[in-house]
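Let's take a friendly walk through a few helices and loops. Have a look at the picture, and then read on.

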Amino acid sequence: MSTQSASLYGAGSFTGTLNADTLSADARRESLGLLALLSPGLLLVFTVIIVPIGWLFWLSLFDESGALSAANYARFFQQASYIRTFITTFKVAFFVTGACVLLGYPQAYMLSQLPRRAASICLIFVILPFWTSVLVRTYAWLVILQRKGLVNSWLIDLGVISQPLPLANNLAGVVIGMTHIMLPFLVLPLYASMKTIDTDCLRAGMNLGASPAATFRQIFFPLSLPGLASGVVIVFVLCLGFFVTPALMGGGKVIMWAMRMEQTTSLYSNWGAGAALGVVLLGVTLALLGLFQWLLGARATGVWSSR
Amino acid sequence: MLLSIAPTALPIGISGIEKRFGGVSVLRDLSLDVAAGEFLTLLGPSGSGKTTLLMILAGFVRANAGSIKVGGEEIIATPPHRRNIGMVFQNYALFPHMNVFHNIAFPLKQRRVSAAETAERVERALDLVQLKGLGERRVDQLSGGQRQRVALARAIVFEPRIVLMDEPLSALDKSLREHMQIELRNLHRRLGMTTVYVTHDQREAITMSDRIAVMNAGRIEQIDRPEVLYASPKTRFVAGFIGDSNFIPVECRNGSVWYEDRKLRMTSVAPAVGCHLMVVRPEKLRLVADAESAGTINVIPATVGDVIYQGDSFVCYATLRDGRQVTLRDYCRSDVLARLPRPGEPVNLGIDADDVVLVAAD
């Protein structure tokens, strides 16, 4: 018995060919079948994502006369207005993201600690603004914040201020309006990640001698960071390309990247320059996402945890 | 001194604990004393209140009434972080954003222990749970058994007065679980901390405990040493929950106990009157040749239903004259194997007078 099995399986001398051709043909057929099933999706991705981005990139390489040139990219370094727009865009995105974190973290924390039913009712109020048009909400803020708007007239009537505060048609107005629109994008992923934090971990923290505040600081907060990070990235990236609210609330004084694109294409009909703006925005966004991925990866290997 | 023996162990006095969740009573006037250094297991089916009691001891759940005294000091209203009680959670509850070292150092950090002493104590705790050199590992790089050990090290590194364990082995596979049972018991013997252990696994409870409190519907049915609990269950629930049992209805008349028309010989004192159940463990039943009781043996006639060979032992299902099924188990010694009963064969089941245990029929 043992000698027989040794001769069958021993020393790698056994290479079966029984039905080998049929089986490999079958495997090939299966791969082709799977590819055929995938093809509608691949076609869609190709026509609505790959082709337009390629086209955008292609357009950006031609100047107004239609000649191939790098002039559209050179402009970023030569014209101060471009650099100003770039800085404004990041400044607005930074302030809005910061305001969203300050408002959204406590909100998500409260939602995560509420009983299930109360939490789902409160969630409706977080999601409700999603169902209202951005344009309507922005005009509403304009009404509330303008020189003779609700806030200023109330504050003056109460005698808190004598001159109306500049709340609209400037950076402050843009940040307030955009924060309102962006908040759910931070709260929802943050809430989802807070819900996954094991309550036993918090109990363990207290059991091991950490006060409730210390448990929050040393356990809950670090464990909520990945959710916070994804919310921050979503909000920041959305801010970079935002158009409606800055266009209305900025009163023409706050020029962001997307508005610049609109100007170049519709006002000056310079498609090449507009395309170059798009390509740079896309590149910056991808770089940010890459940085985020890298940070998360670093966290997974324990760089963040060695405190 | 770190991880010293016995002197730090304190007794726990639990009395009059009441807990209701929205009108439903989960613990009813529960009282229990745990001796210093004792390994006490709360054993019961799910919903018996054992985990709730543990949560009340740890301070995560507030009781409606009652008192918990640790070494004479009332802690019922003390917040969990000031109780100084170690706990091992069912899912370990290790902190996923910290490595093994920081997990175990956590309770020391809260107590402002110096870095040098922390390192030394964590090292010794790791050594104690046989994880030496794994301090830098991430939690998700550990196997289930290793996580279990880290949770244990974290629960004892700050020398708590009491250690609570909530089904800590339930997530492990069978062989590792059995190994860890022995290891936990040995660790308890070395460190001597007062331990309250929760499980629904009666075998685990018997293996590890000094005493077992069997819980049912928010009450303690019986609390005793494992061997007493097994040999002399006081209620039908305890008899049914711990080990396998045959229940044979008997009647008490005039100070003696009758099974049908046979008077039972027994060494324990018979209850005066009423219907009771005789609890007979499968391994206490045996096949006897004589049809009549003789000496200290009670004999009950039966018919063999099925015989199942299990290698080291065999199980025989037999039907009594009243149609009731009983189970008999015996080891496969060669003399027994030679005379294995066959299905349909009439047999006589023998029960020694010492093994007759009665519980109230409910």
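In chain A, helix α9(A) passes α10(A) in a right-handed crossing (the near helix is turned clockwise from the far one by less than a right angle). This is a predicted model, where local features need pLDDT of at least 70, side-chain atom pairs count only at pLDDT 80 or more, and totals for chains, interfaces and linings use all residues. Residues are numbered from 1 along each chain as its sequence is written, while chains are lettered from A and ligands numbered from 1 in the order in which they are written.

The axes of α9 (residues 199-207) and α10 (residues 212-240) of chain A come within 9 Å and cross at roughly 130°.

## Who meets whom

On the α9(A) side, A:Cys201, A:Leu202, A:Gly205 and A:Met206 meet residues of α10(A), including A:Ile219 and A:Phe220 (contact means C-beta atoms, placed from the backbone, within 7 Å). The residues of this contact divide into 6 nonpolar, 3 polar and no charged (Ala, Val, Leu, Ile, Met, Phe, Trp, Tyr, Cys and Pro count as nonpolar, Asp, Glu, Lys and Arg as charged, and the others, Gly among them, as polar).

## Two asparagines in loops

A:Asn19 sits in the loop between α1 (2-9) and α2 (20-59) of chain A. Its phi is positive, about 60°, although A:Asn19 is not a glycine.

A:Asn169, in the loop between α7 (150-157) and α8 (171-195) of chain A, has a positive phi of about 55°.

Key: Axes fitted to C-alpha atoms, helices over the stretch in contact; angles between N-to-C directions. Helix = DSSP H or I, 4+ residues; strand = E, 2+ residues; numbered from the N terminus. Contact = placed C-beta atoms within 7 Å.
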